Amino acid sequence: MFEKKHYNWIFIFVILLALAGYFSGFFIDVTRDNGKYATVAKEIFENGNFINLTIHGDAYDQKPPLLFWTGAVGFYVGGVSNFWFKFPVFIIILLGMYSTFRLGKSLYNKQIGLIAASLLFFSFYYSMYSFDIHTDTPLQAFSAFAMWQLFDFIKTRRNINWIFGFIGVGLAMLSKGPIGAVIPALAIVGHLILTKNFKSFIDFRWYLGIILSFVVVSPALIGLFNQFGWEGIQFFFWKNNVGRITGSYTGANTDYSFYIHTLLYLFIPWSVLLFSSAFLEFKSLAKNKLRAAEYVTVTGIWIFFTILSVAKSKLPNYVFILLPLMAILTAKWISTAIHEKGKLYSVFSGIQTTVVIIVWLLIFGIALYIFPVASLYTWIIFALLLVLTIYIFKTAKPGITRLLLPSIIVIVAFNFFMNSQVFPYIFSFQAPPKAARIFNKTAEKNDRLYNYNYGQYELFFYSNPQASQIHNQEELRKAINSPQSWIFTNPAGLDTIQSFNGAVDTIYQFKHLYLNRPAKFILPAKREEALKPMYLVKFK
């Protein structure tokens, strides 16, 4: 990929270190939505029912089953653990990166495909969503796979690409609903219309493919109908995706620039190049009167990006599905800059040099002040990667090595540091896994664990036997008066429990960090204020 052999050896070394960083994240405890998804996967593993999904025993309809299936399969292979929930999803992520490479190669050339896949692999976005897994994680991978296969189908008319393309659409829908079909449709249909390839629409295989996709997604529909009737089907096709966009289901965010500043920090170190490439692409389209070599990236990115930006519900993971196409767009203009070696290359090189300096300063700021590092091996890795960064800047001539490799090295340093040091420390202030492990270790055979007044799901995933949910005070009173009960709760819940005058044996107290409110925790002086008490109450 790079101009000289020894630069490629450096690249191989940082790939291995990047993989070590990814793997470090697989052992971090799950929490919030991640904990919910892991719990659903655990219940599939325990009850063997892959169709009718449940969470703490209640019917579950919020997300389609593919992510939960992968977790359950992981549990069958290696047992219930953080690693075996996350690792199978990482395999799917790699498929998405390979699909991005192949789509970039089909749209343009091999170099652009390789650069695009590298932008994904060496980014904070992909590192973070490989350990804090959402349904968007497999969604983006299968969406990229579908677009690669369907674009190759346009070029070759081969049945194998047609079949795999619509299977990919079906798998994307199995990941997060109809949105899995929307992005491939916008990209591929938009390309066909703008290239005036109307003859393609006569091919009956497009319409058979839609049926094939519905066959793939049918397990989700069967499960929803079994448990919720037609309301479940309506939820799948309308409320869960469209309801979030319109705000009728959830959300009230009117920040139209949300995904711009989200990408600015999550897609480091490539975010400024992405925005620059978007500007250059629109400028080129205007100059050439909307003529372009391909429209897959144009219609595939910007229609949905606009919809997301005006939507009432906004979360950073919602834009994740667009990253493969955004990477290809950015890679196209990076390749242009590399080959022209003119003003554009100088601008891109200046941008990335600045980004590299900023990220290195950020690393040392975090490591020295915010989350001080005492580990010698971490400082050795920092020193080695910093030396390699300086070496590339001093020895590489203008080209792909000088433009990309320092950025790759610094983001590997950042991701490795965050996944191996910072995030494990932050997630160590999660009370539910600690409470569950105390129960697992010390409870007697017939003891029962309950969750009361805490709205997340980590306790259910980590406890064995699995905790039960207390829904109201009548159920709480019954649990308190039952022998050998344990109850996990917050301060308000503890007050209610104590008002019932139950026979308390032991109260374990934990310092808990609510990860949706982390601002104070980042500042060392305010860290203790950010931690809130949680309790595990053992009854006689």
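Pro465 is found in the loop between α21 and β4 (468-469). The peptide bond that leads from Asn464 to Pro465 is cis, with omega near 0°. The model is a predicted one, in which local features need pLDDT of at least 70 and side-chain atom pairs count only at pLDDT 80 or more, while totals for chains, interfaces and linings use all residues. Residues are numbered from 1 along each chain as its sequence is written, and side-chain values use heavy atoms, with hydrogens and water left out. The labels of helices (H or I, at least four residues) and strands (E, at least two) stand for DSSP runs, numbered from the N terminus.

Another cis peptide bond runs from Ile268 to Pro269, with omega near 10°. Pro269 lies in the loop between α13 (258-266) and α14 (271-287).

The backbone angle phi is the next topic. Most residues other than glycine have a negative phi. Lys341, in the loop between α16 and α17, has a positive phi near 50°. Asn501 also has a positive phi, near 55°, and lies in the loop between α23 (491-499) and β6 (504-513). With a relative accessible area of 68%, Asn501 is exposed; the cut-offs are under 20% for buried, over 50% for exposed and partly exposed in between, using a 1.4 Å probe and protein chains only.

Now turn to the two helices on either side of the loop that holds Lys341. The axes of α16 (residues 323-340) and α17 (residues 343-370) come within 7 Å and cross at roughly 120°. Such axes are lines fitted to C-alpha atoms, for helices over the stretch in contact, and the angles run from 0 to 180 degrees between N-to-C directions. The angle makes α16 oblique to α17, because angles under 35 degrees count as roughly parallel, over 145 as roughly antiparallel, 65 to 115 as roughly perpendicular and the rest as oblique. On the α16 side, the contact is made by Trp333, Ile334, Thr336, Ala337 and Ile338, and on the α17 side by Leu344, Tyr345 and Phe348. Contact here means heavy atoms within 4.5 Å. The residues of this contact divide into seven nonpolar, one polar and no charged. In this scheme Ala, Val, Leu, Ile, Met, Phe, Trp, Tyr, Cys and Pro count as nonpolar, Asp, Glu, Lys and Arg as charged, and the others, Gly among them, as polar.

Helix α2 (residues 32-47) has 16 residues, which at 1.5 Å a residue should span 22 Å, and its end C-alpha atoms are 23 Å apart, which agrees. The expected span is 1.5 Å times one less than the number of residues. Among the buried residues of α2 are Tyr37, Ala38, Val40 and Ile44. The buried residues of α2 pack against β1 (54-55), α3 (66-78), α4 (82-107), α6 (124-131) and α21 (458-462). Just after α2, Gly48 takes a positive phi of about 70°.

His134 is in the loop between α6 and α7 (136-156), and counts as buried at 10% relative accessibility. Leaving aside neighbours within four places in sequence, His134 is in contact with Asp33, Tyr37, Leu67, Tyr129 and Asn317.

Ser420 is buried, with a relative accessible area of 19%. Not counting residues up to four places away in sequence, Ser420 touches Ser24 and Tyr377.
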